[in-house]
Amino acid sequence: MTWRNWSGLATADPAKVLAPATPEQVAEAVRDAARSGLRVRMHGTGHSFTDVAVTDGVHLQPHRLSGVVAVDRRAMTVTALAGTTLHELNARLEALGLALHNMGDVDPQTLAGAVSTGTHGTGGVTASLSGQLEALQLVTADGELRTVDRDHDPELFHAARVGLGAVGVITALTFRVEPAFHLHAVEQPMAWEELLERHSTLVEGHHHVDAYWFPHTDRCLVKTNDRTLEPPAPLSRRRAWVEDELLSNTAFGAVDRFTTRFPRTVPTVNRLTARGWGAREYVDLSHRVFVASRRVVFREMEYSLPREQGMAVLREARRLIERQGWKVAWPVEIRATPPDEAWLSSTYGRDSVYLAFHVGQGVDHRPYFTGVERLLREHDGRPHWGKLHTRTAADLAPAYPRWADFAAVRDRADPERLFANDYVERVLG
Ligand SMILES: Cc1cc2nc3c(=O)[nH]c(=O)nc-3n(C[C@H](O)[C@H](O)[C@H](O)COP(=O)(O)OP(=O)(O)OC[C@H]3O[C@@H](n4cnc5c(N)ncnc54)[C@H](O)[C@@H]3O)c2cc1C
């Protein structure tokens, strides 16, 4: 049966589909694939927009390889199998009185899938999930199960943490965790000029800052999340349902269908929608604050930029949108992250601003995304591996200081390119 990703942009018709339940079964599947001359790859929940998770060989399903397998309260680490979803991990951590340090804005992804493409949140000491890893267990192309960390084969560890599935099949991941904590969330509308002027002060003054700008308007929404010892004071269930489900999903879905059909209405509709952005404030457990519900399907390109260039590039992107006359109905998201140490992380070695560009699922994203991508490239931008982009290995290599080291580890872990697919060949060579 054909496999499809969340956005519907990537499909796979693999020669064989297997659902291993243990690391040993993964190792056996890898050895079998090598013997039969088939390529092999595990997918996650298909939340990558690119065809990064696709294979024509053996597709390994993640759902049986799931669950928390070890909790070490002295070391403050938790180990889970690769197919565990972030949602499942958060629920288990909550029951244990523990939490991840930081995460992105949704939780259906598998741990291995999210880590492998460099999935990140905003702010904090580490924003990416790969940055919170202490160890990885994976199967390399020789069919061997290996556990790697900073002391045991650190090169393989740094490569596989954001490895695009190209150096092995991850079977288990050990995350650094901390005692459960509350976040005080404040959401407030802000004018475009004020956001650009205050962005670095906001980032310095808050634990997590996430901002959205609605194209064709001067309106932005800024969300700050700060650690607090206050008890939980969540939004009422009714308000959360009206604002986060009804308005952000059901009504926004209808607006998206309308503007897709009548693109000339986008500027007027955006002005009306952005006026509806109001202020609100609440306190809750960290993962409940980080995670939002995203039911309207979209397409996305996201790039990291050196922090100091972020706002200037955003200003140029706005000028470009206005000059080109693109009708952009979805907000641009702005996040800021500290440097990462995983070699292929898009924030490797630098403080970054992430700019994310979206369109609805019925819109041809190419003119807008490729136009903005040219600008992002000129400013030393690096693409999110799970989101749409047109880069190739030749032009990506100079953007990553540890590119050659990654290539050397890949040659050692997978000399025959058992784990390759078309996407990986395009971006890694
Ligand atoms: C609605 C939505 C919201 C999102 N929000 C964010 C966000 O806030 N921040 C952000 O950074 N990204 C975000 N993303 C992107 C998403 O987190 C990444 O694309 C992520 O990789 C998806 O995880 P997945 O489980 O769906 O993996 P898939 O997309 O299925 O696979 C991703 C990659 O991981 C590989 N892989 C999966 N399992 C294994 C394994 N066991 N061993 C080795 N390789 C493996 C796959 O082969 C593939 O290369 C979002 C995407 C969507 C659709």
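User: How many domains is the chain divided into, and where do their bounds fall?

Analyst: Domain bounds here come from an automatic or database domain assignment, and on that basis the chain is divided into domain 1 (41-179 + 398-428) and domain 2 (182-383). This is a predicted model, in which local features need pLDDT of at least 70 and side-chain atom pairs count only at pLDDT 80 or more, whereas totals for chains, interfaces and linings use all residues. Residues are numbered from 1 along each chain as its sequence is written, and side-chain values use heavy atoms, with hydrogens and water left out.

User: What separates the centres of domain 1 and domain 2, and how many residues does the contact take from each?

Analyst: Taken over C-alpha atoms, the centres of domain 1 and domain 2 are 25 Å apart. Contact means heavy atoms within 4.5 Å, and the contact takes 40 residues from domain 1 and 34 residues from domain 2.

User: How should I read a nonpolar core, and which residues touch the most other members of the largest one?

Analyst: A nonpolar core is a set of buried Ala, Val, Leu, Ile, Met, Phe, Trp, Tyr and Cys residues joined through side-chain atoms within 4.5 Å. Buried means under 20% relative accessible area, exposed means over 50%, and partly exposed lies in between, with a 1.4 Å probe and protein chains only. The largest nonpolar core has 74 residues, and L164, L173, F175, L344, W385 and L428 touch the most other members. At least three residues of this core come from each of domain 1 and domain 2. Apart from it lies another core, of 47 residues, which includes L314, A317, I321 and A336.

User: What does L428 touch?

Analyst: Leaving out residues up to four places away in sequence, L428 touches L164, A166, L344, A393, W403, F406 and R410.

User: What separates E322 and R318 in helix α9?

Analyst: E322 and R318 are separated by about one helical turn, because they are 4 residues apart in helix α9 (residues 310-324). Their side chains meet in a salt bridge at 2.8 Å, N to O. E322 is partly exposed at 46% relative accessibility, whereas R318, at 13%, is buried.

User: Which residue forms a salt bridge with R402, and which residues are joined into one network?

Analyst: R402 forms a salt bridge with D405, the closest N and O atoms being 2.6 Å apart. R402 is partly exposed at 28% relative accessibility, and D405 is partly exposed with a relative accessible area of 31%. Salt bridges that share partners join E134, R150, R161, R176 and E341 into one network.

User: Where is R366, and in which helix?

Analyst: R366 has its place in helix α10 (residues 366-378), and R366 counts as exposed because its relative accessible area is 52%.

User: Where are H216 and D380, and what is the phi of H216?

Analyst: H216 is not a glycine, although it has a positive phi of about 70 degrees. H216 has its place in the loop between β14 (208-213) and β15, and at 17% relative accessibility H216 counts as buried. D380, also not a glycine, has a positive phi of about 65 degrees. D380 is found in the loop between α10 and β20 (382-383), and D380 is partly exposed with a relative accessible area of 39%.

Conventions. Salt bridge = Lys/Arg side-chain N within 4 Å of Asp/Glu carboxyl O. Helix = DSSP H or I, 4+ residues; strand = E, 2+ residues; numbered from the N terminus.
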